[in-house]
Amino acid sequence: MEANGLGSQGFPELKNDTFLRAAWGEDTDYTPVWCMRQAGRYLPEFRETRAAQDFFSTCRSPEACCELTLQPLRRFPLDAAIIFSDILVVPQWTLMTYMIEGGGSSTMAQAKRWLYQKPQASHQLLRILTDALVPYLVGQVAAGAQALQLFESHAGHLGPQLFSKFALPYIRDVAKRVKARLQEAGLAPVPMIIFAKDGHFALEELAHAGYEVVGLDWTVAPKKARERVGKTVTLQGNLDPCALYASKEEIGRLVQQMLDDFGSQRYIANLGHGLYPDMDPEHVGAFVDAVHRHSRLLRQN
């Protein structure tokens with residue numbers, strides 16, 4: 001599991017609350033849009049800022065995090081800002097899969113070996129990580145985040161049975177405990193998003209896991225997803241990130257089809273995964289502009 005914070009609480013009144021209203025299921029004048037990894041290496045100014053210090057020093061510098069958070073908003077009319085950080089700061093290795101694998105893997109075989117051979121130890125580690133993650137997320141809200149997104153980046157490696165046994169219980173527990181802790185601390189509730197990559201087999205379960213928004217990767221058909229989860233949650237997604245390699249005209253056409261399929265309400269536009277480092281910022285801008293332009297036209301009809 002991974003997590004990020006979006007936005008701010010206790011600050012001056014927002015100039016744009018469209019993202020938050022969509023997340024809560026309220027009607028909006030247009031479809032809000034943001035991009036996973038929008039504060040990332042595809043921006044030359046990001047690379048320049050990051051070159052000045054190592055990764056963990058950057059994560060621990062409020063000034064550097066603020067600068068990296070704002071860089072994409074200076075370029076594009078995005079509807080949400082990602083507070084720059086990384087789940088690597090919870091343990092300095094991201095979470096369970098990389099703690100066991102020791103790095104990236106195309107199969108996650110060593111982590112899955114744990115699940116099959118050491119189920120009790122696996123649950124113990126997942127409980128430890130959940131116990132660390134809950135106060136971390138509450139702390140982000142206390143420090144200003146107005147929405148939270150939880151990632152299960154390797155749902156597709158797990159499959160339905162392992163996901164139900166080793167991921168879904170902790171996904172539910174995080175939502176339940178974060179909401180309770182916020183209430184106990186006298187903090188206003190924030191919408192929570194769950195994004196389980198390649199977790200199409202668990203859409204119904206995710207829709208009832210305690211989150212206001214379910215993020216979809218690009219392998220999921222929007223119309224079918226809406227049929228499966230109903231209208232009780234907001235959906236987020238899910239343009240193939242590689243579509244941004246297409247021409248601006250083609251990006252506009254693909255965005256129009258995506259918005260038509262998702263519908264005009266209870267929807268936040270995004271990519272089906274994060275931006276890649278070699279993507280053209282102008283094509284990211286074309287994506288954002290196309291979402292705003294076409295969604296406004298949809299609402300007029």
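Analyst: Happy to! One term first: strands here are DSSP runs of E with at least two residues, numbered from the N terminus. In that numbering, T234 sits in strand β5. Keep in mind that this is a predicted model.

User: Thanks. Is T234 buried or exposed?

Analyst: T234 is buried, because its relative accessibility is 0% and the cut-off for buried is under 20%.

User: And which residues does T234 touch?

Analyst: Leaving out residues up to four places away in sequence, T234 touches A22, A23, G25, E212, V213, V214, R226, R266, Y267 and I268. Take A23 from that list: A23 and T234 are 211 residues apart in sequence, yet their C-alpha atoms are 5.9 Å apart.

User: What share of the chain's contacts spans that kind of sequence gap? I mean at least 24 residues.

Analyst: Counting contacts between residues at least 6 apart in sequence, 72% join residues at least 24 apart.

User: Which residues have a positive phi without being glycine?

Analyst: R37 has a phi of about 65 degrees, and R266 has one of about 50 degrees. R37 lies in the loop between α1 (18-23) and α2, while R266 is in the loop between α11 (248-262) and β6 (267-271).

User: Let's zoom out. How many helices and strands are there?

Analyst: The chain has 12 helices and six strands.

User: What about overall dimensions?

Analyst: Along the principal axes, the C-alpha atoms fill a box of roughly 55 × 45 × 40 Å. The radius of gyration is 19 Å, which agrees with the value near 19 Å for a compact globule of 301 residues. The accessible surface is about 13800 Å², and 51% of that area belongs to carbon and sulfur atoms.

User: How much of the chain is buried?

Analyst: Buried residues make up 51% of the 301.

User: Now the nonpolar cores. What's in the largest one?

Analyst: The largest nonpolar core has 74 residues, and F163, I171, V178, L206, Y211, L244 and F287 touch the most other members. Helix α8 gives the largest share of this core, 13 residues. Another core lies apart from it, with 14 residues that include A22, M36, A80 and V213.

User: Tell me about A155, please.

Analyst: A155 is in helix α8, which runs over residues 155-184. A155 counts as buried because its relative accessibility is 0%. Beyond four places in sequence, A155 touches F163, A196, K197, D198, G199 and F201. L168 is 13 residues from A155 in sequence, and their C-alpha atoms are 9.7 Å apart.

User: Switching to cysteines: how many disulfides?

Analyst: The count is zero. C66 is in no disulfide, as the nearest cysteine sulfur, that of C65, is 8.8 Å away, and the cut-off for a disulfide is within 2.5 Å.

User: How do C65 and C66 compare in accessibility?

Analyst: C65 is buried, because its relative accessibility is 10%. C66 has a relative accessible area of 42%, so C66 is partly exposed.

User: What's the helix around there like?

Analyst: Helix α4 covers residues 62-75, which is 14 residues, and reaches 21 Å from its first C-alpha to its last, close to the 20 Å expected at 1.5 Å a residue. Its buried residues are A64, C65, L68, T69, Q71 and P72.

User: What do those buried residues pack against?

Analyst: The buried residues of α4 pack against α2 (44-50) and α3 (55-59).

How values were computed. Residues are numbered from 1 along each chain as its sequence is written. This is a predicted model: local features need pLDDT of at least 70, side-chain atom pairs count only at pLDDT 80 or more; totals for chains, interfaces and linings use all residues. Side-chain values use heavy atoms; hydrogens and water are left out. Helices (H or I, at least four residues) and strands (E, at least two) are DSSP runs, numbered from the N terminus. Buried means under 20% relative accessible area, exposed over 50%, partly exposed in between (1.4 Å probe, protein chains only). Contact means heavy atoms within 4.5 Å. A nonpolar core is a set of buried Ala, Val, Leu, Ile, Met, Phe, Trp, Tyr and Cys residues joined through side-chain atoms within 4.5 Å. The expected span of a helix is 1.5 Å times one less than its number of residues. The radius of gyration is taken over C-alpha atoms; the globule rule is 2.2 Å times the number of residues to the power 0.38. Accessible areas come from the Shrake-Rupley method with a 1.4 Å probe; for residues, only the protein chains shown count as cover.
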